[in-house]
There are 2 protein chains.
Amino acid sequence: MDSEQLREYGHRLIDFIADYYKTIESFPVLSQVQPGYLHKLLPDIAPDHPETMDQVLDDVRAKILPGVTHWQSPSFFAYYPANSSVAGFLGDMLSAGLGIMGFSWITSPAATELEMIVLDWLAKLLNLPDQFLSKGNGGGVIQGSTSEAILVVLIAARNKVLRNVGQNALEKLVVYSSDQTHSAFQKTCQIVGIHPENCRVLETDASTNYALRPGLLQEAVSQDLEAGLIPFFLCATVGTTSSAAIDPLAELGKIANSNDMWFHVDAAYAGSACICPEYRQYIDGVETTDSFSMSAHKWFLTNFDCSLLWVKDQDSLTEALSTNPEYLKNKASQANLVVDFKDWQIPLGRSFRSLKLWMVLRLYGSEALKNYIRNHIKLAKDFEQLVSEDPNFEIVTPRIFSLVCFRLVPAKNDEKKCNNQNRKLQDAVNSSGKLFISHTALSGKIVLRCAIGAPLTEEKHVKEAWNVIQDEASFLLHK
Amino acid sequence: MDSEQLREYGHRLIDFIADYYKTIESFPVLSQVQPGYLHKLLPDIAPDHPETMDQVLDDVRAKILPGVTHWQSPSFFAYYPANSSVAGFLGDMLSAGLGIMGFSWITSPAATELEMIVLDWLAKLLNLPDQFLSKGNGGGVIQGSTSEAILVVLIAARNKVLRNVGQNALEKLVVYSSDQTHSAFQKTCQIVGIHPENCRVLETDASTNYALRPGLLQEAVSQDLEAGLIPFFLCATVGTTSSAAIDPLAELGKIANSNDMWFHVDAAYAGSACICPEYRQYIDGVETTDSFSMSAHKWFLTNFDCSLLWVKDQDSLTEALSTNPEYLKNKASQANLVVDFKDWQIPLGRSFRSLKLWMVLRLYGSEALKNYIRNHIKLAKDFEQLVSEDPNFEIVTPRIFSLVCFRLVPAKNDEKKCNNQNRKLQDAVNSSGKLFISHTALSGKIVLRCAIGAPLTEEKHVKEAWNVIQDEASFLLHK
C-alpha cells in the first residue's frame, strides 16, 4: 500500500471509469458472449510475477467488458435498477480506501454512529413511525441485501416464538406471503428450517392487481390455528418484483397484530419512491409492522450493497444474533453503552457502508432525490402511453411507479402462441444489444417488463427503446 | 452519473485517500472518541439541498476520521488484519464503477466466469485437490464472509442428511467443533435450527496447543450414535482466532469420512500462508474435507469482502439454495450451460468481487504474495524473540504464523491478579494511540495478541510496539 502508487494508479482508473460512462452507450446493453468465453482468453494459472497496470486495463477493455451486461446503461430496463451514482461511487471508494471493519462500535465508532444517523435521516424522509428511530428500542441497520434483511428478522421472530412455545415447536410454525413475494422469502424460510408445507403462498390475481387479499390471509390463519399450528410471520411487499404490486399494509397489519405474528414489509424497490409525499400513501399502515426494508442500492443512487432494515424491537434481533467471545469483548460493549451491529446481522465483518448513503444524501439533497424518482416515474408514464397507443400491445397491470408491464396481445385468443411471441420479442430486442428488458409471468401470461430507473436514462432512451420494440414486433408479426 | 463530475470528484477523492495513507501514522490507531460523539456533530435530518464536495470532505476530516480505528495503520496489531492494498482498492473501485449485478451468468457473464477462473488459480496456488476445481462437480465461489461460507455449507449438509432421514429429524442432528472454533459457527448453527444441546464444543488445552483432539471427537461421535443421534457436520480450523491453533485435518477427516459427516475447514486467516510451500503442510489432509474456506480480505491484500469457499460437490449447495422464479429465467440457465452463483449463496444480489482478487494476483504475482506473507511471519518471529527476552513476559502458545500470544507473567502464581494486570496493560497500550492490540482467553488466562499483517507494517513498527508495551508494563509493575 504505497500512497504514491495508489495516487498514480487511482487517477488512471478514475479516468478509465469516467471514460467508460462517456462511452457506455456504445456497448451492447446485454452482453452477447457465449458461455465459457473467458476461459479461452485467460491463462489457467496465476502469474508468478507482477504484471503492469497497462496489461490489466487492456484486458479489462478487451476481455472483461465484452462479458459485461451494462446495468448502468441508460437503455437498461431489465429486472429493477441497481443504481450507481457519482456520490454512491465516491462513498464506496472512500470506504474501500479507509479499509476498516465496523462490526463492533470500538472497531470504528464512526462507522456505527454514522449508520445510525443516516438510517434515522432516511426513516424521517420516509415518515416512518418514531418506533423505528434509534433513540428508543428500535433502529435501522444496513444489510447486504433484502434476503439478509428478511433472514435476520425471520430468525428473530422464530426465536421469539420458540422461546414461548418451546424449541421443538419449529415444525408447527407457519409463514404467510403471496405468490408474488420475492423468491428470497422462500429461500430464507428454507434456511431457517420452516417446513415447506408450512409456507402459505397465497394466490393473487388481476382482480387486486396481484396484491395479497386480507380475506385470504385471515382464512389461512384461522385454518392453521384450528389445525393446531402456529402462525408467526407475515411478509408483505410494496412493489413486487414481477409487477410492482402493492399489498395493503394496514389491513394485513391488523390480522398480523391480532394474531401476534411478526409483520415484515419488503419495499426493496418501491420504498425509494415513498420519500415523495405523493407516493407515501403506499406504505400507509407501516405503523402496524415490526420491520421494514428497502434497498438504497436499487433506486436510490447508492451503490450495492446497501439494503436498509428498520426494526421496532432491536432486542429481538440481538437476542437471536449476538455472540460474545472473549476476543471481541471491550469496555464499551460490556457496559452496554453502544450498539454493536455484528449482533444485527449474519456475518461478523462489515465495512463502512453508511458513507455512501451519507454522501448520496448530502451531495444530492432530499429535494433532488425526490425529483430523480419523479422523473423516472414520468418516463415510465410516457412509455406506458406509447404502449397503449399501439393496438398490437396491451398494458397488463396498471403502472404506479416506474415499471411498465406490457405484452403483445394474443391473436384469436391464442394465449399459448401469444406467450411464445412475447418470448421471441424479448429475445429479439435483447439480442439487438440496443436495450435490455426482462419478463415475468402473471396468471400464466408471459409479460414484458420495462423498469425505468438507471440514472442516465432520459426521454430519448425511452423513445428509442419503444421504437426498437415496435420494429422487432412488426418484424415478428409480419414474418 | 455525470462522467465529468465523476472524473473531477474522483480525482479529488483519490488524492484525499493517498494523502490519508501518507499521514496514517499521525492518527491514534484506536479511535479515542466517546460513545455518541457523532450525534453531537451532525444534524438530525438529511439536507434538502445539495452540499458541496468540500463540505463533505471537510466533515470526513473533522468529524469522521476521529471516530475511525485505523485498520490499515502499520501499528494495527489487533484481531486479525483486514488488508487493503493498491490492487485490492483498484479492483473494488472498478467493481463499483461498473456497477453490475452478477447473480446469474446472463446478468454479466464476465463476473461469473472471472470468479471461476481466479478461484481455480487460488486453488492451484494452495495445491487443493482437483475435486475443488471448477472443471468437475466442484468449484470455488466468493462469499461475503466466513460466516456466510459456513452457513451455506451447513445448510447444504443439513438438507442432504434430512433428505435421507426425513425432515423431522432436525432435532437429532449433531455438529462438532472445538472450544476454539470461531463464534460464527455457533451463530450459524443457531440460524439453521440445530438444537443448542446438539452442538458439541470439544474442549482443548495447552497440551495440543489448543488443537482439537481426534480421540475426543471419536468419543463424542460414538456416544451420540449410541444415543440415537445423527452426527452430520464437523467444523475444523486452521489458524483459530484466539491463538492460531491448527486442528489436525487428516486425522479428523478420517473420523468425519467414516461417519458420513460433512467436513468443513475454516482457514480464514492462516489459509493465505498456505500458498507458501513451507506452510502448505498445515492444510495437509484437506483432501478429506468437503469444503474449505479462507478470507482473501484478511491477509491476502484483497479488500473486504472476499471470503473464498471451495466445495467438492456443488450440487449439494445448489440443491439447498436454488430459486428459479419466472422473472430470473433465461436460456443459458434453463439449458444448464452456465453457473449461476445466486444458487451458491444466501443473497440474490452480488457484485463483481472477483475483479479485486484478479487484480491482486496480477499486479503483485504469486511470488511477491508469498514473500509478503513470509515477511509478516518474520516480523512476528522478531516480536516473539523480543517478548521471550523479557523476564516479565511469556509466550503463551508457540507461534507458527504471524500471531504472537503473550502475557505478563503472574507474580507469586496469582493468576487472578495477573489477568487484571494484562487487561490493564492492554488498556494502557491502546489508550496511548500508538498501537492497537487485542486479547483473548486461553484456559482462563487473559492473553494479549499481537497479530502482524497490515500491509504497511515494517520492522520499526514492531520494535516501536514492543517499546510501548514494555514502557507501559514497567510503569504498571512499578506503580
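Q: Which residues does T397(B) touch, not counting residues up to four places away in sequence?
A: The model is a predicted one. In it, T397(B) sits in the loop between β8 (393–395) and β9 (403–408) of chain B. Not counting residues up to four places away in sequence, T397(B) touches Y210(B), S243(B), C405(B) and L442(B).

Q: Is T397(B) buried or exposed, and what is its relative accessible area?
A: Buried means under 20% relative accessible area. T397(B) falls in that class, so it counts as buried, with a relative accessible area of 5%.

Q: Where does S183(B) lie, and which residues is it in contact with beyond its neighbours within four places in sequence?
A: S183(B) belongs to helix α6 (residues 183–192) of chain B. Its relative accessible area is 8%, so S183(B) is buried. Leaving aside neighbours within four places in sequence, its contacts are T323(A), P325(A) and Y327(A).

Q: How are α1(A) and α1(B) oriented to each other?
A: Both helices span residues 3–22, one in chain A and one in chain B. They pack at an angle of about 165 degrees, with axes 9 Å apart. Angles over 145 degrees count as roughly antiparallel. Therefore α1(A) and α1(B) are roughly antiparallel.

Q: Into how many nonpolar, polar and charged residues does the contact of α1(A) with α1(B) divide?
A: The crossing of α1(A) and α1(B) is right-handed. Residues of this contact divide into 10 nonpolar, 6 polar and 10 charged.

Q: Is α13(A) roughly parallel or oblique to α14(A)?
A: Helix α13 (residues 415–431) and helix α14 (residues 459–477), both of chain A, pack at an angle of about 130 degrees. Their axes are 9 Å apart. That angle makes the pair oblique.

Q: Which residues of α14(A) make the contact with α13(A)?
A: α13(A) passes α14(A) in a right-handed crossing. From α13(A) come Q421(A), K424(A), L425(A), A428(A) and V429(A). The α14(A) side supplies I469(A), E472(A), A473(A), L476(A) and L477(A).

Q: Which residues have the most contacts inside the largest nonpolar core?
A: The largest nonpolar core has 255 residues. Those with the most contacts inside it are W310(A), W358(A), W310(B) and W358(B).

Q: Which residues of chain A is W358(B) in contact with?
A: Neighbours within four places in sequence are left aside here.

How values were computed:
Residues numbered from 1 in each chain as written. Chains lettered and ligands numbered in written order. Predicted model: local features only at pLDDT ≥ 70, side-chain atom pairs only at ≥ 80, totals over all residues. Heavy atoms only, no water. Axes fitted to C-alpha atoms, helices over the stretch in contact; angles between N-to-C directions. Helix = DSSP H or I, 4+ residues; strand = E, 2+ residues; numbered from the N terminus. Parallel < 35°, antiparallel > 145°, perpendicular 65-115°, else oblique. Left-handed = near helix turned anticlockwise from the far one by under 90°. Contact = heavy atoms within 4.5 Å. Core = buried A, V, L, I, M, F, W, Y, C linked by side-chain atoms within 4.5 Å. Buried < 20%, exposed > 50% of the residue type's maximum accessible area, 1.4 Å probe, protein only. Nonpolar A, V, L, I, M, F, W, Y, C, P; charged D, E, K, R; others polar.
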